[in-house]
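User: Hi! I'm new to this one, could you walk me through it?
Analyst: Happy to, let's have a look together.
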Amino acid sequence: MSYIEVRNVWQQYGEHLVLEGLNLKIAEGEFCTMVGASGCGKSTFLRLLLGQERPSRGEILLGGQPLVAEPDPSRGVVFQRYSVFPHLNVLDNVALGLELPHAPLLGRLLGQRKRAAREHAAALLSRVGLGHALNKYPAQLSGGMQQRLAIAQALVMKPKVLLLDEPFGALDPGIRKDMHALLLELWQETRLTVFMVTHDLTEGFSLGTRLLVFDKVRVDPHAPYAYGSRVTYDLPLNSARQPAPAGRILQPQPGN
Amino acid sequence: MRLLNRHPDRSTRLMLVVLPFALLLCAYLFGSAQRLAENPRDKLLPSAGQMGEAIKQVAFTEDKRSGAYVLWQDTASSVTRLASGLAISAVAGLFLGILAGALPLAGASLSPLMVVLSMVPPLALLPILFIVFGLGELSKVMLIVIGITPILARDLEQRAREIPAELRIKALTLGASTWTYILRVVLPQLAPRLLISLRLVLGSAWLFLIAAEAIASEDGLGYRIFLVRRYLAMDMILPYVAWITLLAWLTDWTLKQLTQRAFPWYEGGRP
């Protein structure tokens, strides 16, 4: 059964055609990695999935319903930079996601509920290896730790889809390897549907269960923006990998 | 070593800080002594002793007519006006800045309006304020508010715009509404910037206060300076100016300390 369906999506900015005739069916729990040259539209596609932009033509369905055309808690996101709030410490960065939906007036929970939110956030943070840094501000963390925080922050919402825009692009290779391991573990525990844009082909092949290559099929050298990208390769990968039994912390809990 | 790469060490730095102040003071005392030697009744550059006498008169002697200590009463009046003006401007500037900077729909009308309104010279509006609000406290406070609110609002609007789009999107994916986004993301991120902006407009705020007091007032530091000007009382004017400068500097220092204490994450998150 397809969970996300992309139906004939085109994206165009003025004369500049970025994506043309995109058709995809993605099953629930798939880990899609997206690669391609700079400017090939893979980040544009991610923004469409996020609801940050609307497609010029066509539509995207999530679970049979048209995608909400503005970012909402059904989709989590991790950017390469600026993913975490500099004015909140590590704990509150994650607890924020538990507070906002339940406090429409104050934007914060009080008393017992606040304590519960913080405990939940702390448990998730120790799962991603930040248990020792709960009271630090993001500026005091290394790049890798900031991205761990950003991932925890996205996961605490239990989104249906996790969108990653070159999340490890700015990290050095050793740290990047740790992050890959963490991400795979979390994916296996949560069985999330993941979309990840990357410039690193190896990363694309080793992490994904499906690799999407974005490229232009037609190129007019006199009018470089006349044609957009399509998905030129759509490769199933790592089919032996099975989702592990869901972990305790990340398991969807009734009533949440 | 190139000049570019030479840094003062601790003691040199202290010396370099004190040096210009000491030079200015020496230059004054020297000039004053010279003029007084030529003409003991010279009023332009009073000696330290003459100024000390004047300070004693206004700060530690009861006024014969009103029974008050003039300097302290002037200070209390001026500081009250200044603080009210700054507080109202801070709230108004924050409100307008967030509205214009965070909400594109509001910004579309507010931004151009604020640009134009901030070009109106506040002192040119002073007569209107006196006509509308009378000669009491309100018009003086309003002059400060009108003078600095546009500056604060435009600065905060700019800072609100500079909050990365990624953070806005992140907040939305964490379940924020427009209101809670402003409350939990925009407001706390602008708070330290507000304190910094307040420091920058402090000089203007004093300028407007003294202008208003000079024209229509019955007390206040600005009023006193302009009153004793009639008698060429430099021995009083100079200490008053120094006192105002000290007050302004102390306010600036307090705001700076407050920014560092209250917002440790700002400017690189100190532990």
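Analyst: One term before we start: two strands pair if DSSP finds at least two bridges between them. Also, keep in mind that this is a predicted model.
User: Thanks! So which residue in S7(A) is the bridge partner of A:Gly76?
Analyst: That is A:Leu162. The two strands involved, S6(A) and strand S7 (residues 161-165) of chain A, run in the parallel sense and pair over 4 bridges.
User: And are the residues of strand S6 of chain A buried or exposed?
Analyst: They are all buried. A:Arg75 and A:Val77 point one way from the strand, while A:Gly76 and A:Val78 point the other way.
User: Switching to chain B: how many helices and strands does its secondary structure have?
Analyst: Chain B has 10 helices and 0 strands.
User: Why is chain B more spread out than a compact globule?
Analyst: Its radius of gyration is 23 Å, well over the 18 Å that the globule rule gives for 271 residues, so chain B counts as more spread out. Along its principal axes, the C-alpha trace of chain B spans about 75 × 65 × 30 Å.
User: What share of chain B is buried?
Analyst: Buried residues make up 34% of the 271 residues in chain B.

Notes:
Residues numbered from 1 in each chain as written. Chains lettered and ligands numbered in written order. Predicted model: local features only at pLDDT ≥ 70, side-chain atom pairs only at ≥ 80, totals over all residues. Rg over C-alpha atoms; globule rule 2.2 N^0.38 Å. Buried ≥ 20, exposed ≤ 12 C-beta atoms within 10 Å, placed from the backbone.
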